[in-house]
Amino acid sequence: MKFAVIQFLGSNCDMDMLCALRDVLGEEAQYVPASQTSLEGFDAVMLPGGFSYGDYLRSGAIARFAPIMSEVKRFVEQGKLVLGTCNGFQILVEAGFLPGAFLRNTNLHFVCKWQKLRVVNNTSAFSSAFKKDQIITLPIAHGEGNYYCDEQTLASMRAHNQIIFTYEGENPNGSVANIAGITNERGNVIGMMPHPERAVEELLGGKDGLCVFKSMVAAFKKDEVHA
């Protein structure tokens with residue numbers, strides 16, 4: 001399986017993502033600058049965290065217009081897997097691939113710590129390696145992670161099992177319904193504020209994040225068998 005790790009101006013988790021995929025997961029991964037217009041030959045796209053274009057407008061609002069995003073749209077439409085973490089989640093929302101919007105954390109401070117999560121849905125292409133309702137721990141690092149959507153959107157996401165991860169215990173940013181990660185209705189795009197790429201080895205403090213990437217590989221291989 002070959003992963004494209006998109007590098008926006010201001011990305012700062014791209015190396016973490018590449019190392020997690022290539023050195024720990026053992027899959028092929030390659031950087032792709034956001035200025036490129038082709039994702040030919042790749043099987044999945046990863047939008048890493050950081051501060052794309054300095055967050056000068058809104059987090060992800062400028063990145064959505066990067067040339068590579070037209071190719072990401074094609075990926076989404078073809079049903080291929082797309083994952084965005086932190087700023088990548090914000091970009092996917094701004095680009096319209098995921099519903100909702102982001103606000104400043106309710107405490108108006110940048111939050112950086114390890115956070116407990118609950119795996120609400122373990123049937124997705126990004127969570128099948130977990131057990132349902134499993135409590136995991138992943139790091140978070142964001143100042144604008146307060147996910148918001150209206151009641152109708154929330155009801156629709158619940159009906160279509162789009163909520164994958166929720167914050168367990170305290171809500172670190174004020175997100176509606178404790179949401180930490182969601183998919184699109186089709187289930188091939190996920191956005192999550194926690195950083196699974198920073199939790200792939202015990203040396204780093206834990207390896208719960210590795211199961212996110214293992215789930216993607218399993219989903220890809222399953223599709224290959226049925227292709």
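Guide: Start with a network. In this predicted model, salt bridges link R118, D133 and E168.

Visitor: What is the general idea behind such pairs?

Guide: Side chains of opposite charge can pair when their charged atoms come close. Here the whole structure holds seven salt bridges.

Visitor: Which parts of the chain does the pair K113 and E170 link?

Guide: K113 and E170 form a salt bridge, with the closest N and O atoms 2.1 Å apart. K113 sits in strand β6 (residues 111–119). E170 sits in the loop between β9 (163–167) and β10 (179–183). The two are 57 residues apart.

Visitor: How far apart are the closest N and O atoms of R58 and E94?

Guide: They are 2.9 Å apart, in a salt bridge. R58 lies in the loop between β3 (44–47) and α2 (68–77), and E94 in helix α3 (residues 87–94), so the pair ties together parts 36 residues apart in sequence.

Visitor: Is E94 buried or exposed?

Guide: Buried means under 20% relative accessible area. E94 has 19%, so E94 is buried. R58, at 43%, counts as partly exposed.

Visitor: And R22 with D23?

Guide: Their closest N and O atoms are 3.0 Å apart, again a salt bridge. R22 is partly exposed at 41% relative accessibility. D23 is exposed at 52%.

Visitor: How many charged side chains does the protein have?

Guide: There are 20 positive and 24 negative ones. The centres of the two sets lie 3 Å apart.

Notes. Residues are numbered from 1 along each chain as its sequence is written. This is a predicted model: local features need pLDDT of at least 70, side-chain atom pairs count only at pLDDT 80 or more; totals for chains, interfaces and linings use all residues. Side-chain values use heavy atoms; hydrogens and water are left out. Lys and Arg count as positive and Asp and Glu as negative; His and the chain ends are not counted. The place of a charge is taken as NZ of Lys, CZ of Arg, CG of Asp or CD of Glu. A salt bridge is a side-chain nitrogen of Lys or Arg within 4 Å of a carboxyl oxygen of Asp or Glu. Buried means under 20% relative accessible area, exposed over 50%, partly exposed in between (1.4 Å probe, protein chains only). Helices (H or I, at least four residues) and strands (E, at least two) are DSSP runs, numbered from the N terminus.
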